[in-house]
Each structure stands twice: as structure tokens, then as C-alpha cells.
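I opened this notebook to record what I looked up, entry by entry. The structure comes first, and my notes follow it.

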Amino acid sequence: MSQTNSFRRILSAAMISAGLAAASLPAQAEPIPGMRGMQHIGITVPNMNEAVAFFRDILGCEPSFTFGTFKFEDDWMARHLDVHPRATISDFQMVRCGNGTNLEVFEYTAPDQNRRGPRNSDIGGHHLAFYVDDMDAAVSYLKDKGVRVLDTPSTFTEGPAAGLTWVYFLAPWGLQLELVSAPNGMAHEKTLQRKLWDPRFPAS
């Protein structure tokens, strides 16, 4: 068995287990009174202008309002944000990307700042995934724009995600991003009563 096929079988088995576990959960839990859903995801970038331009010019997102500078002489930053007391938010801006949650983009400085972003294998590792209708066209577009795409798209053929094609790409400052596409749907959609939220059908 090739290493690639072995990886696919292991990943597929893990996703089947995750799918079965999810299927057994109650349709709606209520841990927070009045919770409606995710309103935004916050990310910190090394350069606000570069990041907002990338989201706008490459991904087609819409920049919205900015908040301005947050800086305090006391321990407000530590108490409210759990960062170094002398940390400064130079600026932060809301960005809307199609039918999905908003992004809140921060530019920070801090005496103890870690300038290397986490990898997926690090605690706190993360990525942002965007749905596209045509994977080949989207990948070609990114490459034409000089964006680094990691290898070639992969497609799940087994398990609850069967039918999903995905590929990772990187923002200029190293943020991990992903394209996903499932034009014929995914296997779990035929069995799960509570389906995952889908940007193609934002009202469902």
C-alpha cells in the first residue's frame, strides 16, 4: 500500500469516527443563553494594509470599518485580552468574505510577541477555508496571482466527507488558507439530520 493511500485510509477512518460521534450529539445544545452563531474570527497579521489588500484583491472580500488604536498605560490589555500590559493594537478592521462569518484583522506590537505564526501541527494552529464552485479554476487563478498553492487538490472518496475536494494555499505572510469544493455534495449530507452550515445555502 502506498504512503498516500495509507494516509487516506487513516484519515477516512478518523472522519468516519468523528461523523458517528457527531451524529449521536443532540441537534441543539444550549451552553450559552441566546447564542445564535459565530459572528467573526479574529486573526493577527504582521501588516494590516498587506493583509486587507490580500483579502480584498485576491479573495474578493469586502473591507469594512476600522477601530483604531488600543493602547493603555495600566494593565487593561492584560485584564481584558490576556496579552502583555504594554501590548498595542495599532489598528484592527472588520472584513466580510461572501456568505460566511466576518474576519476581524488585528495588527499588534508587544514586548513578548511571537513573530512566527503557528503551523497546523502546533497548539493553536488554524486555517481559514473558503468554498469555491470550480476548484480547477480557483487554483489556476491563485497561481496566476502568484499565490503559493500547496501541491495539488485532494478528493475524499470514502467516509462522511466523500465528494469533498480541498487544497491548501498560503497568504504572503504565511497564514494557512484552504479551498474546498463539493459540487455534488458530501456523503454525510445523506445521513446526518443536522448538516454542517454551507455558504452556498446561508439560510439553511
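**Entry: Pro111.** I looked up the neighbours of Pro111 and, leaving aside residues within four places in sequence, I found it in contact with His84, Arg86 and Ala87, where contact means heavy atoms within 4.5 Å. Pro111 lies in the loop between strand 4 and strand 5; helices (H or I, at least four residues) and strands (E, at least two) are DSSP runs, numbered from the N terminus. Pro111 and Ala87 are 24 residues apart along the chain, and their C-alpha atoms are separated by 6.8 Å. Is Pro111 buried or exposed? Pro111 is exposed, because its relative accessible area is 59%, and the scale I use calls a residue buried under 20% relative accessible area, exposed over 50% and partly exposed in between (1.4 Å probe, protein chains only).

**Entry: what I am reading.** This is a predicted model, in which local features need pLDDT of at least 70 and side-chain atom pairs count only at pLDDT 80 or more, while totals for chains, interfaces and linings use all residues. Residues are numbered from 1 along each chain as its sequence is written, and side-chain values use heavy atoms, with hydrogens and water left out.

**Entry: the overall count.** I noted four helices and eight strands in the protein, and read along the sequence they follow the pattern α-β-α-β-α-β-β-β-α-β-β-β. Of the 204 residues in the protein, buried ones make up 29%. Among the contacts with a separation of 6 or more, 54% are between residues 24 or more positions apart.

**Entry: Thr101.** I then turned to Thr101, which sits in the loop between strand 3 and strand 4 and counts as partly exposed because its relative accessibility is 24%. Apart from neighbours within four places in sequence, Thr101 is in contact with Met38, Gln39, His40 and Ile41. Thr101 and His40 are 61 residues apart in sequence, yet 5.3 Å apart in space, C-alpha to C-alpha.

Entry: I traced an open sheet of four strands in the order 1-4-3-2, with mixed pairing; two strands pair if DSSP finds at least two bridges between them. Its edge strands are strand 1 (40-45) and strand 2 (62-66), each pairing on one side only, and the twist averages 30° from one strand to the next. Strand 3 (residues 88-96) and strand 4 (residues 102-109) pair in the antiparallel sense over seven bridges, and Val95 stands opposite Leu103 in strand 4.

**Entry: helix 2.** Helix 2 (residues 48-57) packs on the sheet and touches strand 1, strand 2, strand 3 and strand 4, and its direction makes about 160° with that of strand 4; axes are lines fitted to C-alpha atoms, for helices over the stretch in contact, and angles run from 0 to 180 degrees between N-to-C directions. I listed the buried residues of helix 2 as Met48, Ala51, Val52, Phe54 and Phe55. Seen down the axis of helix 2, these buried residues fall within an arc of 155°, so they line one face of the helix; the arc is that of the directions from the helix axis to the C-beta atoms.

**Entry: the cores.** A nonpolar core is a set of buried Ala, Val, Leu, Ile, Met, Phe, Trp, Tyr and Cys residues joined through side-chain atoms within 4.5 Å. Which of the 35 residues in the largest nonpolar core touch the most other members? I found Phe54, Phe55, Val105 and Leu179. Helix 2 gives the most to this core, with five residues. A second, separate core has eight residues, including Phe156, Leu164, Trp166 and Tyr168.

**Entry: Thr165.** My last stop was Thr165 in strand 7 (residues 165-170), which counts as buried because its relative accessibility is 16%. Not counting residues up to four places away in sequence, Thr165 touches several residues, among them Met135, Pro153 and Leu179.
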